[in-house]
Amino acid sequence: MRAAEFQEYGGPEVLKVVEADVPAPGPGQVSIDVAYAGVNFADLKARSEGYRVPGLPFVPGLEVSGRVRALGEGVTGLSVGQEVTAALTVGGGYADVAVADTANVFPLPSGVDLRTAAGLPAVLPTAYALVHTVGRLRAGETVLVQGAAGGIGTVVGQLAKAAGATVYGVVSGEAKAVYARDHGYDEVFVGDFAEPVRAATGGRGVDLALDPVGGDTLRDCLASLAVYGRLVSFGNASGAPAWTVGQPELYPRGLSVAGFSILTLARTAPAELRTLSERAFATVADGTVSLPVTAEFTLEEAAEAHRLMGARTSTGKLLLSLNG
């Protein structure tokens, strides 16, 4: 089978398509003939700096859609040939065949095709958790979202709007701002956001801020919160050193800070992740959420997909088409 792997850390050029052995599922796992694989920023961090890479060579790819190829020992509730969507907790999605734990494998949601489904396993539960499970957004509140035009940002905007919130986004360019406004955002700020957020809220600040960037952006998000506001950190795209927040920052206005990582949840609480995913997938089935695929590449073009995402000019969801 084909697989796109890297044998050293570096730029997109280190991704190479190789011939590899077809993996067999272990107990509690299935193998999947991959139709499409989602491209995520975590894949870029794995390639460039070894983020969550257990060893080299490594095949990235956290989410796929396809058809069940084989069942591991003890697997029930799934059948060979069944169309599924799956989140992979380590990697392996950039390949003709991938293996996933059955806790992270779901029958294709009603009305969703394999192409759309490939972008859901990591993005949709993350967005749902940020808005509802961890963020606890309520009708009438305000939310500030970094990366509003990306895959997660696209879904968060729709979920937050459906929840009755006023939704503010932050993007890096005007084209992305136009895209975000088309996907649920009431107002979108390009670049600096701290002062515009205060102005837009009459000096009050927002009830909920969602940050995948870290560093100075996280600090500015915290400063943008209203009294009793909540901040959820779900990444550190900036690569900045971890920052400690404590009594001096939180006590004066009763602020709260939380964190979320779908990959960590998959390892520490797979049953909770499955419940979260089922609730999230229902929002696609009922029409609350759609996730546009804005660019599609072949497996041999995986490096180009990484270049596009790394340039921070892409919107929506990027996919690799393998056997779609």
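**Cavities, pockets and a helix pair**

Author: Gladly, and let's start inside: the second largest cavity is lined by Ala87, Asn104, Phe106, Pro121, Leu273, Ser277 and Phe281. Please keep in mind that this is a predicted model.

Reader: Which helix gives the largest share of the lining of the second largest cavity?

Author: The second largest cavity has a volume of about 30 Å³, and its lining has 5 nonpolar, 2 polar and no charged residues. Leu273, Ser277 and Phe281 are among the lining residues. The largest share, 3 residues, comes from the helix that spans residues 270-285, H10.

Reader: Thanks! What is the volume of the largest cavity?

Author: With a threshold of 30 Å³ or more, the count comes to 2 cavities. The largest cavity is lined by Leu62, Ala87, Leu88, Thr89, Ala122, Ile262, Leu263, Ala266 and Leu273. Its volume is about 60 Å³.

Reader: How many residues of the lining of the largest cavity are nonpolar, and which element gives the most to that lining?

Author: By class, the lining of the largest cavity has 1 polar residue, no charged ones and 8 nonpolar. Ile262, Leu263 and Ala266 are among the residues that line this cavity. The element that gives the most, with 3 residues, is H9.

Reader: Let's move on to the open spaces. Which element gives the largest share of the lining of the largest pocket?

Author: The largest pocket has a volume of about 1200 Å³ and is lined by 42 residues, with Phe41, Ile152, Pro212, Phe234 and Ala237 nearest its centre. Two or more lining residues come from each of helix H1 (41-49), helix H3 (123-133), helix H4 (151-162), strand S9 (166-171) and helix H9 (262-268). The largest share, 4 residues, belongs to H1.

Reader: How many charged residues are in the lining of the largest pocket?

Author: The lining of the largest pocket comprises 42 residues. By class, 20 of them are nonpolar and 16 are polar, and the number of charged residues is 6.

Reader: And the second largest pocket: which strand gives the most to its lining?

Author: The second largest pocket holds about 270 Å³ of space. Pro23, Gly91, Gly92, Ala98 and Val99 are the closest to its centre among the 20 residues that line it. Strand S1 (2-5) and strand S6 (97-101) are the elements that give two or more residues to this lining. The most, 5 residues, comes from S6.

Reader: What are the numbers by class for the lining of the second largest pocket?

Author: This lining consists of 20 residues. By class they are 2 charged, 5 polar and 13 nonpolar.

Reader: Finally, the helix pair. Are H3 and H4 oblique or roughly parallel to each other, and why?

Author: The axes of H3 and H4 come within 9 Å of each other and cross at roughly 45 degrees. An angle has to be under 35 degrees to count as roughly parallel. H3 and H4 are therefore oblique to each other.

Reader: Is the crossing of H3 and H4 left-handed or right-handed?

Author: First, a look at the contact itself: Val123, Leu124, Thr126, Ala127, Tyr128, Leu130 and Val131 in H3 meet Gly151, Ile152, Val155, Val156, Leu159 and Ala160 in H4. By class, this contact of H3 with H4 has 11 nonpolar, 2 polar and no charged residues. As for its hand, the crossing of H3 and H4 is right-handed.

Conventions. Residues are numbered from 1 along each chain as its sequence is written. This is a predicted model: local features need pLDDT of at least 70, side-chain atom pairs count only at pLDDT 80 or more; totals for chains, interfaces and linings use all residues. Side-chain values use heavy atoms; hydrogens and water are left out. On a 1 Å grid over the protein atoms alone, a cavity is a set of points where a 1.4 Å probe fits but cannot get out, and a pocket is an open set with protein on both sides within 12 Å along at least five of seven lines; lining residues have an atom within 4 Å of a point. Grid points are joined across faces, edges and corners, and a volume is the space filled by probe spheres set on the points. Ala, Val, Leu, Ile, Met, Phe, Trp, Tyr, Cys and Pro count as nonpolar, Asp, Glu, Lys and Arg as charged, and the others, Gly among them, as polar. Axes are lines fitted to C-alpha atoms, for helices over the stretch in contact, and angles run from 0 to 180 degrees between N-to-C directions. Angles under 35 degrees count as roughly parallel, over 145 as roughly antiparallel, 65 to 115 as roughly perpendicular and the rest as oblique. A crossing is left-handed if the near helix is turned anticlockwise from the far one by less than a right angle, and right-handed if clockwise. Contact means heavy atoms within 4.5 Å.
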